[in-house]
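Hi everyone, thanks for making time.

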Amino acid sequence: MEFSEKLVTLRKAKELTQEQLAEKLGISRHEPAIIRLNQEKPTKSRVCTDSVLFI
């Protein structure tokens with residue numbers, strides 16, 4: 001499973017829209033869509049920091 005697929009699964013499990021997710025992570029509202037479409041991958045440090053939201 002790609003990172004983008006995992007992100008969508010986790011976001012939906014938390015019942016968050018892409019915009020709500022972006023707000024909670026402090027990123028632009030377009031960034032989750034960019035990641036979801038595999039146009040850009042986040043850095044490892046960003047993944048670790050953001051993963052706290054889903055714990």
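**Starting from one proline**

Let's begin with Pro-32, which is buried, with a relative accessible area of 4%. Before I go on, please keep in mind that this is a predicted model.

So where does Pro-32 sit? You'll find Pro-32 in helix 3, which covers residues 31–36. And what does Pro-32 touch, leaving out residues up to four places away in sequence? Its partners there are Gln-18, Leu-21, Ala-22 and Ile-27. There's also a distance you can check on screen: from the C-alpha of Pro-32 to the C-alpha of Thr-17 is 9.8 Å, and those two are 15 residues apart along the chain.

Okay, let's zoom out. Of the 55 residues in the chain, 25% are buried. Now take the contacts between residues at least 6 apart in sequence: 55% of those join residues at least 24 apart. As for the surface, the chain exposes about 4,200 Å², with carbon and sulfur atoms supplying 53% of that.

On to helix 2, residues 18–25. Leu-21, Ala-22 and Leu-25 are the buried ones I'd point to here. They cover an arc of only 100 degrees around the axis, and that puts them on the same side of helix 2. Look at the other side of helix 2 and you'll see Glu-23 and Lys-24, both exposed. Following helix 2 comes Gly-26, with a positive phi near 70 degrees.

Now back to helix 1, residues 3–13. Which residues of helix 1 are buried? They are Ser-4, Leu-7, Val-8 and Arg-11. Their arc around the axis is only 100 degrees, so they lie on the same side of helix 1. Just after this helix, Glu-15 takes a positive phi of about 55 degrees.

I want to finish on Arg-11. This arginine is buried yet has no salt bridge. How far away is the nearest side chain of opposite charge? That's Glu-19, and it is 11 Å away. What Arg-11 does have is a polar atom of its side chain lying 2.8 Å from the backbone oxygen of Leu-16.

Key
Residues numbered from 1 in each chain as written. Predicted model: local features only at pLDDT ≥ 70, side-chain atom pairs only at ≥ 80, totals over all residues. Heavy atoms only, no water. Helix = DSSP H or I, 4+ residues; strand = E, 2+ residues; numbered from the N terminus. Buried < 20%, exposed > 50% of the residue type's maximum accessible area, 1.4 Å probe, protein only. Contact = heavy atoms within 4.5 Å. Areas by Shrake-Rupley, 256 points an atom, 1.4 Å probe, with all protein chains shown as cover. Lys, Arg positive; Asp, Glu negative; His and termini not counted. Salt bridge = Lys/Arg side-chain N within 4 Å of Asp/Glu carboxyl O. Polar contact = N/O pair within 3.5 Å; in protein donor to acceptor, adjacent residues only side chain to side chain. Arc of directions from axis to C-beta.
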